[in-house]
Amino acid sequence: MARLENNFKFLIGSADEARRHMQSLYELGRTPPFGTKEFASASKTMMILTNNVLGGKESLQMLGDAADGVGVPIETMAENIGYLYAMIRDGEPITRATKQLVRMGAISPEVASQMEDMQKAGKPLNEIWNTLTTSLTKFNGSMENTANSAGGKVQEFVGHWEEAKTKIGISIADITDKHMVKLIDKLEELNNNNSFKGWAEDFIGWLGKVG
């Protein structure tokens, strides 16, 4: 997870924001059906495709509910919706993207036609996008229902346990890294002052005496 946090630092542009974002991902991943790594993957996809407009907790909640509602991986939903956003933003025809969402069951053919007509009429991005997000509200609460279903609590326990193991691992790695930095600095110092060369010469001299 430390590597993920580092990825988000470059995507978001702030180490503090990346840490806060990772905390949001932990919170989302605590309950089924999707874990922290799945939410992180979806978040990265959305951030890249939308230039960081989407990919935060609120949009991930929407993606998760929609993905759970139609029974697809959240990464698949993120990729399709992210591409749709990018096409609307860039003025590219969205028919192919809307048809894919129709095939997935995420939106109806009527909503797809409405969005396509809005694009042809030159409607702004936010109006077309609101049409999509309004349609997706039908999936609101899907992940919560799954979490409360039979077996959901067991998955929730596993989610909390995985989060705890990850955080413990990060803490240990941080401590190890600090000591490793000190060790590296010491080795560099010994190399620079030729200590190793001196030790080697002393050792060779000792071997000569023993011989």
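**Reading the fold, feature by feature**

Guide: Residues 24 or more positions apart account for 64% of the contacts in the chain with a separation of 6 or more. Please bear in mind throughout that this is a predicted model.

Visitor: How many helices and how many strands does the secondary structure of the chain come to?

Guide: One begins with the inventory of elements. Here there are 11 helices and zero strands, so that order, read from the N terminus on, is α-α-α-α-α-α-α-α-α-α-α.

Visitor: What share of the residues of the chain counts as buried?

Guide: Burial is judged by relative accessible area, with buried meaning under 20%. In this chain of 211 residues, 35% count as buried.

Visitor: How should I read a nonpolar core, and which residues have the most contacts inside the largest one?

Guide: The general idea is that in soluble globular proteins, nonpolar side chains tend to be buried together. In this model the largest nonpolar core has 44 residues, and those with the most contacts inside it are Met77, Ile81, Leu101, Leu132 and Leu136. Two or more residues of this core come from each of helix 1 (2-12), helix 2 (15-29), helix 3 (36-50), helix 4, helix 5, helix 6 (95-104), helix 7 (109-120) and helix 8 (125-136). Helix 5 gives the largest share, eight residues.

Visitor: Which residues does Met77 touch?

Guide: Leaving aside residues up to four places away in sequence, Met77 touches Leu63, Ala66, Ala67, Val70, Val72, Leu101, Met104 and Ala106.

Visitor: Val72 is in that list. Where is the place of Val72, and is this residue buried or exposed?

Guide: Val72 is found in the loop between helix 4 and helix 5 (74-90). Its relative accessible area is 19%, so Val72 counts as buried, the limit being under 20%. Beyond four places in sequence, Val72 touches Phe34, Ala67, Met77 and Met104. The pair Val72 and Met104 shows how sequence and space are to be read side by side: they are 32 residues apart in sequence, and their C-alpha atoms are 8.0 Å apart.

Visitor: How many salt bridges does the structure hold?

Guide: There are four salt bridges. One of them joins Arg20 and Glu17, whose closest N and O atoms are 2.7 Å apart. These two residues are three residues apart in helix 2, so they are separated by about one helical turn. Arg20 is partly exposed at a relative accessible area of 48%, and Glu17 is partly exposed at 36%.

Visitor: Which residue forms a salt bridge with Lys57?

Guide: The partner of Lys57 is Glu27, with 2.8 Å between the closest N and O atoms. Because Lys57 lies in helix 4 and Glu27 in helix 2, this pair ties together parts that are 30 residues apart in sequence. Lys57 is partly exposed at 39% relative accessibility, and Glu27 is partly exposed with a relative accessible area of 34%. A further salt bridge is that of Arg89 with Asp90, at 2.9 Å between the closest N and O atoms.

Visitor: Finally, how should I read the backbone itself?

Guide: The peptide bond from Pro32 to Pro33 is cis, with omega near 15°, and Pro33 belongs to the loop between helix 2 and helix 3. In the loop between helix 3 and helix 4 lies Asn51, which has a positive phi of about 55° although it is not a glycine. Asn52 lies in the loop between helix 3 and helix 4 and has a positive phi of about 70°. Asn51 is exposed, with a relative accessible area of 56%, whereas Asn52 is partly exposed at 36%.

How values were computed
Residues are numbered from 1 along each chain as its sequence is written. This is a predicted model: local features need pLDDT of at least 70, side-chain atom pairs count only at pLDDT 80 or more; totals for chains, interfaces and linings use all residues. Side-chain values use heavy atoms; hydrogens and water are left out. Helices (H or I, at least four residues) and strands (E, at least two) are DSSP runs, numbered from the N terminus. Buried means under 20% relative accessible area, exposed over 50%, partly exposed in between (1.4 Å probe, protein chains only). Contact means heavy atoms within 4.5 Å. A nonpolar core is a set of buried Ala, Val, Leu, Ile, Met, Phe, Trp, Tyr and Cys residues joined through side-chain atoms within 4.5 Å. A salt bridge is a side-chain nitrogen of Lys or Arg within 4 Å of a carboxyl oxygen of Asp or Glu.
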